[in-house]
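Have the sequence and the 3D view open side by side.

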Amino acid sequence: MSDIILTGPVLDKARDWINRALVNAGVHTVLLIDHAGNIVVRCGHSRTNFDLTSFAALAAANFGATAQMAQLIGEDDFSLLFHKGKKDSIHFAKVGNDMILISIFGDDVSLGLVRLRVAELTRNMAKLFGLDKINGTY
Amino acid sequence: MALIDLSNREVHCKIVYYGPGRCGKTTNLMYIYNAMNSAARGKMLTIETKGDRTLFFDLLPLNLGKIKGFDIKIQLYTVPGQTIYHATRKLVLKGVDGIVFVADSLRVRRAKNIESLEDLKRNLKEYNLDIKSLPLVMQYNKRDLGKIGIPLLDTAELESDLNRELRVPSFCASATKGYGVFETLKAISKMTVRYVATKHLAGNQKSKKMGGPTRERRQRQRLS
(Lines give C-alpha, C1' and ligand atoms only; values in the text may rest on other atoms or scores of the structure.)
Protein backbone atom coordinates (compact mmCIF):
# COMPACT_ATOMS: atom_id res chain seq x y z
CA MET A 1 0.00 0.00 0.00
CA SER A 2 1.39 3.37 -0.94
CA ASP A 3 1.02 6.60 1.04
CA ILE A 4 -1.74 8.91 -0.04
CA ILE A 5 -1.51 12.62 0.70
CA LEU A 6 -4.68 14.63 0.44
CA THR A 7 -4.09 18.36 0.59
CA GLY A 8 -6.54 20.96 1.88
CA PRO A 9 -7.67 22.21 -1.55
CA VAL A 10 -8.28 18.62 -2.72
CA LEU A 11 -10.37 17.86 0.36
CA ASP A 12 -12.27 21.14 0.02
CA LYS A 13 -13.07 20.24 -3.57
CA ALA A 14 -14.24 16.76 -2.53
CA ARG A 15 -16.48 18.29 0.17
CA ASP A 16 -17.91 20.73 -2.36
CA TRP A 17 -18.69 17.92 -4.82
CA ILE A 18 -20.28 15.79 -2.08
CA ASN A 19 -22.42 18.71 -0.91
CA ARG A 20 -23.57 19.55 -4.41
CA ALA A 21 -24.23 15.98 -5.55
CA LEU A 22 -25.62 14.38 -2.39
CA VAL A 23 -26.30 16.74 0.52
CA ASN A 24 -28.23 19.18 -1.70
CA ALA A 25 -30.24 16.21 -2.99
CA GLY A 26 -31.38 15.40 0.56
CA VAL A 27 -28.76 12.86 1.73
CA HIS A 28 -28.31 13.82 5.37
CA THR A 29 -24.92 12.27 6.16
CA VAL A 30 -22.01 11.46 3.87
CA LEU A 31 -18.75 9.93 5.08
CA LEU A 32 -15.62 9.19 3.14
CA ILE A 33 -13.58 6.57 4.98
CA ASP A 34 -10.57 4.42 4.24
CA HIS A 35 -10.53 0.63 4.41
CA ALA A 36 -8.98 0.71 7.90
CA GLY A 37 -12.04 2.57 9.22
CA ASN A 38 -10.58 6.10 9.46
CA ILE A 39 -12.88 8.99 8.61
CA VAL A 40 -11.34 11.24 5.96
CA VAL A 41 -14.28 13.54 5.14
CA ARG A 42 -17.66 14.11 6.78
CA CYS A 43 -20.47 16.13 5.20
CA GLY A 44 -24.14 16.81 5.85
CA HIS A 45 -26.21 17.18 8.96
CA SER A 46 -26.83 13.96 10.81
CA ARG A 47 -30.38 13.73 12.21
CA THR A 48 -29.24 11.82 15.22
CA ASN A 49 -25.96 11.79 17.07
CA PHE A 50 -24.29 8.49 16.56
CA ASP A 51 -20.89 7.06 17.33
CA LEU A 52 -18.96 7.87 14.15
CA THR A 53 -15.81 5.99 15.17
CA SER A 54 -17.72 2.75 15.66
CA PHE A 55 -19.77 3.39 12.54
CA ALA A 56 -16.68 3.87 10.35
CA ALA A 57 -14.96 0.77 11.79
CA LEU A 58 -18.06 -1.34 11.19
CA ALA A 59 -18.55 0.06 7.70
CA ALA A 60 -14.98 -0.79 6.71
CA ALA A 61 -15.36 -4.27 8.22
CA ASN A 62 -18.69 -4.74 6.48
CA PHE A 63 -17.18 -3.81 3.15
CA GLY A 64 -14.20 -6.10 3.75
CA ALA A 65 -16.43 -9.00 4.76
CA THR A 66 -18.60 -8.70 1.66
CA ALA A 67 -15.46 -8.48 -0.52
CA GLN A 68 -14.41 -11.85 0.95
CA MET A 69 -17.87 -13.23 0.21
CA ALA A 70 -17.59 -11.94 -3.35
CA GLN A 71 -14.30 -13.76 -3.81
CA LEU A 72 -15.87 -16.99 -2.57
CA ILE A 73 -18.38 -16.85 -5.41
CA GLY A 74 -15.79 -15.86 -7.98
CA GLU A 75 -16.25 -12.07 -8.01
CA ASP A 76 -13.41 -9.63 -7.34
CA ASP A 77 -15.58 -7.65 -4.93
CA PHE A 78 -18.93 -5.88 -4.74
CA SER A 79 -18.45 -2.25 -5.70
CA LEU A 80 -21.59 -1.08 -3.89
CA LEU A 81 -23.72 -2.18 -0.96
CA PHE A 82 -27.11 -1.00 0.17
CA HIS A 83 -28.88 -1.48 3.51
CA LYS A 84 -32.57 -0.54 3.66
CA GLY A 85 -34.01 0.60 6.96
CA LYS A 86 -37.51 1.71 7.99
CA LYS A 87 -36.57 5.39 8.10
CA ASP A 88 -32.95 5.61 7.01
CA SER A 89 -30.95 3.64 4.49
CA ILE A 90 -27.21 3.34 3.88
CA HIS A 91 -25.46 3.19 0.54
CA PHE A 92 -21.77 2.21 0.30
CA ALA A 93 -19.62 2.68 -2.79
CA LYS A 94 -15.93 2.17 -3.49
CA VAL A 95 -13.75 5.14 -4.39
CA GLY A 96 -10.77 3.61 -6.15
CA ASN A 97 -9.43 0.67 -4.19
CA ASP A 98 -8.64 2.55 -1.00
CA MET A 99 -11.71 4.47 0.09
CA ILE A 100 -15.42 4.02 0.67
CA LEU A 101 -18.13 6.64 0.24
CA ILE A 102 -21.06 6.14 2.61
CA SER A 103 -24.37 7.95 2.11
CA ILE A 104 -27.10 7.85 4.75
CA PHE A 105 -30.49 9.09 3.63
CA GLY A 106 -34.15 9.00 4.59
CA ASP A 107 -37.13 7.54 2.74
CA ASP A 108 -37.81 10.91 1.12
CA VAL A 109 -34.75 10.45 -1.13
CA SER A 110 -34.87 8.08 -4.06
CA LEU A 111 -32.32 5.27 -4.16
CA GLY A 112 -32.04 5.67 -7.94
CA LEU A 113 -30.98 9.29 -7.56
CA VAL A 114 -28.39 8.39 -4.90
CA ARG A 115 -26.96 5.61 -7.06
CA LEU A 116 -26.75 7.90 -10.07
CA ARG A 117 -25.06 10.72 -8.18
CA VAL A 118 -22.73 8.39 -6.28
CA ALA A 119 -21.60 6.64 -9.48
CA GLU A 120 -20.50 9.93 -11.01
CA LEU A 121 -19.05 11.25 -7.76
CA THR A 122 -16.91 8.18 -7.04
CA ARG A 123 -15.48 8.24 -10.57
CA ASN A 124 -14.55 11.91 -10.22
CA MET A 125 -13.19 11.56 -6.68
CA ALA A 126 -11.00 8.60 -7.63
CA LYS A 127 -9.45 10.81 -10.32
CA LEU A 128 -9.18 13.76 -7.93
CA PHE A 129 -7.38 11.67 -5.27
CA GLY A 130 -5.23 9.93 -7.88
CA LEU A 131 -6.60 6.56 -6.74
CA ASP A 132 -7.35 5.51 -10.30
CA LYS A 133 -3.67 5.94 -11.15
CA ILE A 134 -2.35 4.28 -8.00
CA ASN A 135 -4.44 1.17 -8.38
CA GLY A 136 -4.97 1.36 -12.09
CA THR A 137 -8.12 -0.66 -11.81
CA TYR A 138 -10.94 1.70 -11.03
CA MET B 1 -1.98 3.00 8.32
CA ALA B 2 -2.06 5.92 10.66
CA LEU B 3 -4.23 8.88 9.83
CA ILE B 4 -2.56 12.20 10.50
CA ASP B 5 -4.98 15.09 10.42
CA LEU B 6 -2.96 18.29 10.26
CA SER B 7 -5.98 20.57 10.21
CA ASN B 8 -7.30 19.27 13.54
CA ARG B 9 -3.81 18.26 14.77
CA GLU B 10 -4.78 14.67 15.48
CA VAL B 11 -2.92 11.40 15.01
CA HIS B 12 -5.01 8.21 14.82
CA CYS B 13 -3.22 4.89 15.29
CA LYS B 14 -4.57 1.35 15.08
CA ILE B 15 -3.33 -1.25 17.55
CA VAL B 16 -4.46 -4.86 17.17
CA TYR B 17 -4.52 -7.46 19.96
CA TYR B 18 -3.71 -10.76 18.25
CA GLY B 19 -3.43 -14.27 19.63
CA PRO B 20 -4.99 -17.73 19.76
CA GLY B 21 -8.63 -18.28 20.67
CA ARG B 22 -9.55 -17.70 24.32
CA CYS B 23 -6.16 -16.24 25.25
CA GLY B 24 -7.78 -13.11 26.74
CA LYS B 25 -7.68 -10.42 24.04
CA THR B 26 -11.22 -9.19 24.68
CA THR B 27 -10.61 -9.45 28.44
CA ASN B 28 -7.65 -7.07 28.03
CA LEU B 29 -9.88 -4.52 26.31
CA MET B 30 -12.66 -4.93 28.84
CA TYR B 31 -10.24 -4.37 31.71
CA ILE B 32 -8.90 -1.22 30.03
CA TYR B 33 -12.45 -0.02 29.33
CA ASN B 34 -13.55 -0.51 32.94
CA ALA B 35 -10.41 0.96 34.45
CA MET B 36 -10.08 4.08 32.33
CA ASN B 37 -11.68 7.42 32.94
CA SER B 38 -14.68 7.87 30.65
CA ALA B 39 -13.22 11.13 29.33
CA ALA B 40 -10.22 9.27 27.94
CA ARG B 41 -12.08 6.43 26.29
CA GLY B 42 -14.86 6.04 23.76
CA LYS B 43 -17.56 3.40 23.62
CA MET B 44 -16.41 -0.17 23.49
CA LEU B 45 -17.81 -1.87 20.44
CA THR B 46 -18.19 -5.63 20.56
CA ILE B 47 -19.67 -7.40 17.59
CA GLU B 48 -22.23 -10.01 18.47
CA THR B 49 -20.54 -12.96 20.06
CA LYS B 50 -21.40 -16.59 20.24
CA GLY B 51 -20.82 -17.71 23.80
CA ASP B 52 -17.72 -15.82 24.94
CA ARG B 53 -15.92 -15.91 21.61
CA THR B 54 -15.30 -12.90 19.41
CA LEU B 55 -16.88 -13.42 16.01
CA PHE B 56 -15.58 -10.36 14.21
CA PHE B 57 -13.71 -7.85 16.34
CA ASP B 58 -13.89 -5.60 19.39
CA LEU B 59 -12.99 -1.94 19.20
CA LEU B 60 -12.03 0.45 21.97
CA PRO B 61 -11.06 4.04 21.04
CA LEU B 62 -8.78 5.86 23.52
CA ASN B 63 -7.46 9.41 23.79
CA LEU B 64 -3.89 9.46 25.05
CA GLY B 65 -3.62 13.23 25.39
CA LYS B 66 -1.32 15.61 23.55
CA ILE B 67 2.22 15.15 22.31
CA LYS B 68 3.85 18.22 20.75
CA GLY B 69 0.44 19.76 20.09
CA PHE B 70 -1.04 16.67 18.44
CA ASP B 71 -3.98 14.82 20.01
CA ILE B 72 -3.03 11.15 20.07
CA LYS B 73 -6.00 8.87 19.49
CA ILE B 74 -5.58 5.14 19.39
CA GLN B 75 -8.04 2.46 18.44
CA LEU B 76 -7.60 -0.92 20.07
CA TYR B 77 -8.93 -3.85 18.05
CA THR B 78 -9.06 -7.55 18.82
CA VAL B 79 -9.26 -10.35 16.27
CA PRO B 80 -11.21 -13.59 16.58
CA GLY B 81 -8.63 -16.18 17.64
CA GLN B 82 -10.21 -19.38 16.36
CA THR B 83 -8.45 -20.88 13.34
CA ILE B 84 -11.59 -20.87 11.16
CA TYR B 85 -11.85 -17.07 11.31
CA HIS B 86 -8.73 -16.58 9.23
CA ALA B 87 -10.35 -14.20 6.72
CA THR B 88 -11.73 -11.96 9.48
CA ARG B 89 -8.39 -11.81 11.26
CA LYS B 90 -6.67 -10.69 8.10
CA LEU B 91 -9.32 -8.05 7.55
CA VAL B 92 -8.86 -6.53 11.01
CA LEU B 93 -5.10 -6.31 10.44
CA LYS B 94 -5.62 -3.96 7.51
CA GLY B 95 -3.97 -0.64 8.30
CA VAL B 96 -2.40 -1.84 11.57
CA ASP B 97 0.22 0.39 13.24
CA GLY B 98 1.07 -1.72 16.28
CA ILE B 99 0.42 -5.25 17.57
CA VAL B 100 0.07 -6.89 20.97
CA PHE B 101 0.50 -10.63 20.70
CA VAL B 102 -1.40 -12.15 23.62
CA ALA B 103 -0.07 -15.63 24.36
CA ASP B 104 -1.91 -18.14 26.50
CA SER B 105 0.32 -19.33 29.34
CA LEU B 106 -1.53 -22.64 29.71
CA ARG B 107 0.84 -25.50 28.89
CA VAL B 108 -1.84 -27.22 26.78
CA ARG B 109 -2.06 -24.13 24.55
CA ARG B 110 1.63 -24.13 23.59
CA ALA B 111 1.07 -25.28 19.99
CA LYS B 112 -1.83 -22.82 19.53
CA ASN B 113 0.40 -19.88 20.49
CA ILE B 114 3.04 -20.86 17.96
CA GLU B 115 0.41 -21.48 15.28
CA SER B 116 -1.18 -18.07 15.92
CA LEU B 117 2.17 -16.25 15.71
CA GLU B 118 2.90 -17.95 12.40
CA ASP B 119 -0.59 -16.96 11.21
CA LEU B 120 0.15 -13.34 12.19
CA LYS B 121 3.42 -13.35 10.23
CA ARG B 122 1.67 -14.80 7.18
CA ASN B 123 -1.18 -12.29 7.31
CA LEU B 124 1.19 -9.34 7.68
CA LYS B 125 3.23 -10.59 4.76
CA GLU B 126 0.11 -10.58 2.61
CA TYR B 127 -0.16 -6.83 3.34
CA ASN B 128 3.57 -6.46 2.54
CA LEU B 129 4.36 -5.86 6.20
CA ASP B 130 7.22 -7.43 8.08
CA ILE B 131 6.59 -8.45 11.68
CA LYS B 132 10.12 -7.31 12.56
CA SER B 133 9.54 -3.76 11.35
CA LEU B 134 6.20 -3.14 13.10
CA PRO B 135 5.85 -2.17 16.78
CA LEU B 136 5.11 -5.45 18.59
CA VAL B 137 4.75 -6.40 22.25
CA MET B 138 4.26 -9.87 23.72
CA GLN B 139 1.91 -10.45 26.61
CA TYR B 140 2.02 -13.76 28.49
CA ASN B 141 -1.49 -13.89 29.88
CA LYS B 142 -3.19 -15.99 32.58
CA ARG B 143 -0.11 -16.04 34.86
CA ASP B 144 -2.44 -16.10 37.89
CA LEU B 145 -3.69 -19.59 37.04
CA GLY B 146 -0.42 -21.18 38.22
CA LYS B 147 -1.44 -20.41 41.79
CA ILE B 148 -4.41 -22.76 41.57
CA GLY B 149 -2.33 -25.63 40.23
CA ILE B 150 -3.01 -25.36 36.50
CA PRO B 151 0.13 -26.32 34.53
CA LEU B 152 1.61 -23.22 32.92
CA LEU B 153 4.48 -22.68 30.54
CA ASP B 154 7.22 -20.80 32.34
CA THR B 155 8.25 -17.47 30.89
CA ALA B 156 11.56 -18.85 29.59
CA GLU B 157 9.63 -21.42 27.54
CA LEU B 158 7.27 -18.75 26.21
CA GLU B 159 10.22 -16.52 25.34
CA SER B 160 11.93 -19.39 23.57
CA ASP B 161 8.79 -20.38 21.64
CA LEU B 162 7.63 -16.92 20.62
CA ASN B 163 10.26 -14.28 21.24
CA ARG B 164 13.59 -15.93 20.54
CA GLU B 165 13.97 -14.28 17.13
CA LEU B 166 11.78 -11.21 17.54
CA ARG B 167 13.27 -10.03 20.88
CA VAL B 168 10.43 -7.57 21.55
CA PRO B 169 9.31 -6.32 24.99
CA SER B 170 7.27 -8.95 26.83
CA PHE B 171 4.98 -8.70 29.86
CA CYS B 172 3.50 -11.28 32.22
CA ALA B 173 -0.16 -10.51 32.80
CA SER B 174 -3.50 -11.56 34.11
CA ALA B 175 -6.18 -9.76 32.12
CA THR B 176 -8.94 -10.81 34.54
CA LYS B 177 -7.04 -9.44 37.57
CA GLY B 178 -5.59 -6.53 35.61
CA TYR B 179 -1.91 -6.89 36.27
CA GLY B 180 0.29 -6.40 33.24
CA VAL B 181 -2.59 -5.01 31.19
CA PHE B 182 -1.66 -1.33 31.42
CA GLU B 183 2.07 -2.09 31.26
CA THR B 184 1.42 -3.79 27.92
CA LEU B 185 -0.78 -0.95 26.69
CA LYS B 186 1.72 1.69 27.76
CA ALA B 187 4.58 -0.07 25.98
CA ILE B 188 2.75 -0.66 22.70
CA SER B 189 1.26 2.86 22.67
CA LYS B 190 4.69 4.42 23.15
CA MET B 191 6.27 2.25 20.48
CA THR B 192 3.43 2.85 18.01
CA VAL B 193 3.31 6.62 18.43
CA ARG B 194 7.10 6.80 18.09
CA TYR B 195 6.92 4.59 14.98
CA VAL B 196 4.21 6.71 13.36
CA ALA B 197 5.93 9.98 14.28
CA THR B 198 9.32 8.84 13.02
CA LYS B 199 7.91 7.36 9.85
CA HIS B 200 5.54 10.14 8.89
CA LEU B 201 5.76 13.32 10.94
CA ALA B 202 9.55 13.65 10.79
CA GLY B 203 9.28 13.79 6.97
CA ASN B 204 6.50 16.32 7.29
CA GLN B 205 8.60 18.63 9.46
CA LYS B 206 11.23 18.56 6.74
CA SER B 207 8.68 19.53 4.11
CA LYS B 208 7.45 22.36 6.36
CA LYS B 209 10.94 23.80 6.55
CA MET B 210 11.18 23.47 2.81
CA GLY B 211 7.86 25.27 2.35
CA GLY B 212 6.20 22.04 1.21
CA PRO B 213 2.59 20.98 1.30
CA THR B 214 2.06 21.89 4.97
CA ARG B 215 1.63 25.47 3.89
CA GLU B 216 -1.85 24.53 2.80
CA ARG B 217 -4.58 26.09 4.88
CA ARG B 218 -6.07 22.75 5.75
CA GLN B 219 -4.43 19.51 5.11
CA ARG B 220 -5.23 15.99 5.93
CA GLN B 221 -2.65 13.42 5.32
CA ARG B 222 -3.56 9.81 5.12
CA LEU B 223 -0.65 7.49 5.24
CA SER B 224 -0.44 3.79 4.89
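The largest nonpolar core has 94 residues, and those touching the most other members are A:I33, A:A59, A:A60, A:I100, A:I102, B:V16 and B:F101. A nonpolar core here is a set of buried Ala, Val, Leu, Ile, Met, Phe, Trp, Tyr and Cys residues joined through C-beta atoms within 7 Å. A residue is called buried if 20 or more other C-beta atoms lie within 10 Å of its own, exposed if 12 or fewer, and partly exposed in between, with C-beta atoms placed from the backbone. Helix α5 (residues 181–209) of chain B gives this core its largest share, 8 residues.

Before going on, a word on how to read all this: the model is predicted, so local features need pLDDT of at least 70 and side-chain atom pairs count only at pLDDT 80 or more, while totals for chains, interfaces and linings use all residues. Residues are numbered from 1 along each chain as its sequence is written, and chains are lettered from A and ligands numbered from 1 in the order in which they are written.

Setting aside neighbours within four places in sequence, B:F101 is in contact with B:Y18, B:G19, B:L117, B:L120, B:L136 and B:M138. Contact means that the C-beta atoms of two residues, placed from the backbone, lie within 7 Å.

Now for chain A as a whole. Chain A has 4 helices and 6 strands, and from the N terminus they come in the order β-α-β-β-α-β-β-β-α-α. Helices (H or I, at least four residues) and strands (E, at least two) are DSSP runs, numbered from the N terminus. Of its 138 residues, 37% count as buried. Its C-alpha trace spans about 40 × 35 × 30 Å along the principal axes. Look at contacts between residues at least 6 apart in the sequence of chain A, and 54% of them join residues at least 24 apart.

How are the strands arranged? In chain A, 5 strands make an open sheet in the order β3-β2-β6-β5-β4, with antiparallel pairing. The edge strands are β3 (39–44) and β4 (80–83) of chain A, each pairing on one side only. Two strands pair if DSSP finds at least two bridges between them. Zoom in on β2 (residues 29–34) and β6 (residues 99–106) of chain A: they pair in the antiparallel sense over 6 bridges. There, A:V30 stands opposite A:S103 in β6(A). Helix α3 (residues 111–129) of chain A packs on the sheet, touching β5 (88–95) and β6 of chain A, and its direction makes about 30° with that of β5(A). For such angles, axes are lines fitted to C-alpha atoms, for helices over the stretch in contact, and the angles run from 0 to 180 degrees between N-to-C directions.

Over in chain B, some loops deserve a look. B:K94 sits in the loop between α2 (86–92) and β6 (98–104) of chain B. B:K94 counts as buried because 20 other C-beta atoms lie within 10 Å. Beyond its neighbours within four places in sequence, B:K94 is in contact with A:H35, A:A36, A:G64 and B:Y127.

Is B:R9 buried or exposed? B:R9 counts as exposed, because it has 12 C-beta neighbours inside 10 Å. You'll find B:R9 in the loop between β1 (3–5) and β2 (10–18) of chain B, with a positive phi of about 50° although it is not a glycine. B:K142, in the loop between β7 (136–141) and α4 (155–162) of chain B, has a phi near 70°, also a positive value in a residue other than glycine. B:K142 is buried, with 25 other C-beta atoms within 10 Å.
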